[in-house]
Amino acid sequence: MSQETKTLTPELRAFIEEWKPRPGNLIMVLHRIQQTYGYMPREIVLELADLLEVPLAKIYGVITFYNFFKLKQPGRNLIQVCLGTACYLKGGDDIMKALEHELGVGVNTVTPDGEFSTEAVRCLGCCGLAPVIVINGEVFGKVTKAMLPGILDKFRNK
Amino acid sequence: MSNKLTRESLDALRARLTEANRKDEVGGKQYLLVCGGTACDSNGGLALYAALKKAAEYAGANVSIVRTGCMGFCERGPIVKVLPADTFYVDVKPEDAAAIINEHIVNGQIVTRLLYDKTQAEAGHEGKDIDFYAKQQRIVLRHCGVIDPEKIDDYIAHEGYLGLEKALFEMTPEGIIQEVLDSGLRGRGGAGFPTGKKWQFSAAVQADQKYIVCNADEGDPGAYMDRSTLEGDPHAILEAMMIAGRATGATKGFIYIRAEYPLAIKRLQIAIEQAREYGLLGCENILGTDFTFDIELRFGAGAFVCGEETALLASIEGKRGQPTPRPPFPAVKGLWGKPTVINNVETLANIAVIITKGAKWFSSIGTATSKGTKVFALTGKVKNSGLIEVPMGITLREIIFDIGGGIPNGRTFKAAQTGGPSGGMIPPEFLDMPIDYESLAKIGSIMGSGGLIVMDDTDCIVDVAKFYLEFTVDESCGKCMPCRIGGRALLNTLTRISEGRGEPEDIQKMRDICDAMNRASLCGLGQTASNPVQAMLRYFMDEVLTHINDRKCLAGKCKKLIQYRINPERCVGCTMCARVCPANAIMGKVKEKHVIDPQKCVKCGQCYNTCKLHAIELA
């Protein structure tokens with residue numbers, strides 16, 4: 001994984017400048033940052049605080065309040081396991097355990113090779129397909145434990 | 001096409017589009033509607049759409065292939081509907097595309113193997129004959145699965161923006177509010193506050209700026225009504241927000257939508273773009289009147305508490321989504337201190353039809369106090385799960401057994417849950433009660449936003465209550481004490497009970513905590529968070545007592561309370577179970593009876609699932 005210091009890309013800077021005069025901009029800007037980097041790199045947040053002239057504490061207050069924003073870099077492939085009610089009743093938590101077993105790391109942790117990380121999410125709105133997992137935005141429905149190795153292979157080292 | 005529409009040119013456009021559709025119909029043109037909801041899309045629907053297009057092109061068929069919004073029957077997706085024949089194909093794979101085009105479209109032969117009920121091929125094969133749809137009535141979802149949500153022309157051809165026209169040219173703002181009041185429409189987000197009243201409050205306040213906010217932060221686990229409505233009919237929401245703007249004097253709208261709904265966001269963005277191009281949005285003098293309105297999207301970031309009005313507004317303002325005490329109510333003092341009407345997606349989806357068809361028509365549907373229809377996401381242990389819209393006053397039995405097809409795998413019905421983490425579990429004795437706001441509240445649940453989750457006898461009520469409490473504890477913003485501490489205390493108690501460490505005193509303790517949370521919490525989240533526990537104590541006391549006194553979970557869900565054992569009569573010594581056991585807890589030689597060492601067993605259930613002879617039992 002790259003460890004170089006990150007700086008704001010020109011596009012991101014332009015986006016922030018565009019949103020700066022608009023009230024209630026912070027969350028929209030944070031979404032854009034996470035979309036770009038996959039998480040909230042500290043260097044970027046520092047730059048953002050300067051640009052928007054908002055105290056760093058306030059920005060971190062917002063980031064940590066919302067589940068959607070991540071402070072740690074996820075794996076190259078992000079696996080989201082739905083634990084909404086329908087998926088839970090149909091064994092979503094068993095799928096989660098099986099995934100942890102398969103990957104050898106717990107939830108919210110990146111595998112040593114940086115390939116995968118798993119997170120639990122609340123209802124993706126595909127309850128008819130429960131239990132559901134999503135990898136990099138691709139939805140897999142009616143998942144069974146037996147299907148997991150095959151699904152993971154689709155993404156590994158690709 | 002960047003001309004701004006006037007009333008006349010909009011009417012002319014609608015007439016032209018309707019006429020073109022009529023001509024196509026007379027000319028025998030057929031339509032293939034492919035469900036483009038998230039569930040079908042992810043189940044091969046996208047590939048199917050492409051395959052159908054290709055096959056149609058290859059065959060040179062006179063057919064229009066449309067990707068629509070959710071048709072609701074997610075369980076059997078991807079769905080393809082053929083019009084005007086109204087043939088309904090289920091579980092369609094991309095490989096089936098050629099058959100549909102060549103056999104049905106070109107030769108007029110129905111592809112029997114893809115029908116929901118194969119025997120219907122002779123009897124009549126219409127979509128509405130399917131029991132899943134027979135008792136439904138679609139008002140909110142009137143365009144879902146009918147129009148192409150990415151084309152504004154398609155919406156206009158289906159009476160789109162007709163309500164806005166009527167509101168702008170034939171009604172006064174007071175008249176619009178009166179119509180909505182008369183319709184009896186109540187908020188579909190859960191609490192059921194009369195929509196017209198909300199508008200009235202905001203209209204009565206003098207202010208230089210007012211706002212309309214659409215709450216599309218659908219956070220209930222197990223609910224996706226709003227997502228499907230937005231994906232299938234985004235213009236209906238824009239139109240309704242404009243009508244609300246006209247009625248209350250607001251000129252700006254925000255749609256607060258979950259970032260987890262990329263498809264709904266994309267379709268809304270397209271819809272806003274198209275409406276702006278037509279001069280229906282984002283400009284002054286809309287349709288040549290003095291009305292100005294614009295809409296912006298704001299993304300949620302995964303906080304359930306933001307379904308609460310004041311927290312939602314804080315989040316739009318870019319802050320932590322923590323609620324503030326009411327009053328002042330947002331309708332008087334809301335976004336940036338200005339009067340703000342907040343309506344849920346489903347509520348808004350009713351507005352345009354109420355304006356075009358009238359309050360009288362709308363209020364003829366439903367019960368005395370609850371008018372219109374309700375959309376439910378029917379999920380859980382039910383054969384036909386999916387998105388349904390039913391008139392208020394229908395019974396749970398009709399929903400679960402007629403529309404839903406009953407409980408799969410020969411299990412029995414145990415409970416239905418409405419209202420998500422804020423609702424209660426409904427036991428079998430209320431299956432025949434008509435569903436409306438009042439009757440659900442009376443039995444300790446709520447209408448909620450529309451999640452309807454069915455549970456069977458393998459689901460443990462203690463476990464379910466614990467699941468919901470885990471959710472609300474996680475989602476509590478932590479601002480007020482009853483919710484922050486009460487929720488945690490309830491969860492700890494439930495955890496102890498589920499692990500066999502419950503005490504008889506826990507019952508009273510839980511009752512007291514529920515009461516305190518209910519009465520003293522700051523916002524709706526805390527006030528209702530104890531509802532699942534209250535329902536558990538009210539209707540499923542036997543099950544709770546079995547957990548506490550006998551240390552048993554009859555449903556087999558609470559891992560610490562179950563014990564696996566091998567039935568020696570059935571075991572043939574195949575060694576399968578011993579091989580899958582991760583804890584080496586199963587002993588026995590080949591072709592000899594095996595036994596489980598309860599000391600070593602970690603209750604993972606691997607052996608239970610592996611044994612083909614059902615020799616492993618729950619003791």
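Visitor: What distance separates the centres of domain 1 of chain A and domain 2 of chain A?

Guide: It's 29 Å, taken over C-alpha atoms. Those domains span 10-65 and 77-155, with bounds from an automatic or database domain assignment. Before we go on: this is a predicted model, where local features need pLDDT of at least 70, side-chain atom pairs count only at pLDDT 80 or more, and totals for chains, interfaces and linings use all residues. Residues are numbered from 1 along each chain as its sequence is written, while chains are lettered from A and ligands numbered from 1 in the order in which they are written.

Visitor: Why is α8(B) called oblique to α11(B)?

Guide: Helix α8 (residues 173-183) of chain B and helix α11 (residues 234-248) of chain B pack at about 120°, with axes 7 Å apart. Angles under 35 degrees count as roughly parallel, over 145 as roughly antiparallel, 65 to 115 as roughly perpendicular and the rest as oblique. So the pair is oblique. The angle runs from 0 to 180 degrees between N-to-C directions, and axes are lines fitted to C-alpha atoms, for helices over the stretch in contact. Helices here are DSSP runs (H or I, at least four residues), as are strands (E, at least two), numbered from the N terminus.

Visitor: Which residues make that contact?

Guide: B:Pro173, B:Ile176 and B:Ile177 come from α8(B), and B:Ile243, B:Arg246 and B:Ala247 from α11(B). Contact means C-beta atoms, placed from the backbone, within 7 Å. By class that's 5 nonpolar, no polar and 1 charged. Ala, Val, Leu, Ile, Met, Phe, Trp, Tyr, Cys and Pro count as nonpolar, Asp, Glu, Lys and Arg as charged, and the others, Gly among them, as polar.

Visitor: What makes α13(B) "mostly covered"?

Guide: 8 of its 8 residues are buried, among them B:Glu309 and B:Leu312. A residue is buried if 20 or more other C-beta atoms lie within 10 Å of its own, exposed if 12 or fewer, and partly exposed in between, with C-beta atoms placed from the backbone. The cover includes α2 (26-37) of chain A, plus β5, β6, β7 and β8 of chain B.

Visitor: How many residues does each chain put into the contact between chains B and A?

Guide: Chain B gives 39 and chain A gives 30. On the chain B side, α2(B) gives the most, with 4 residues.

Notes
Contact = placed C-beta atoms within 7 Å.
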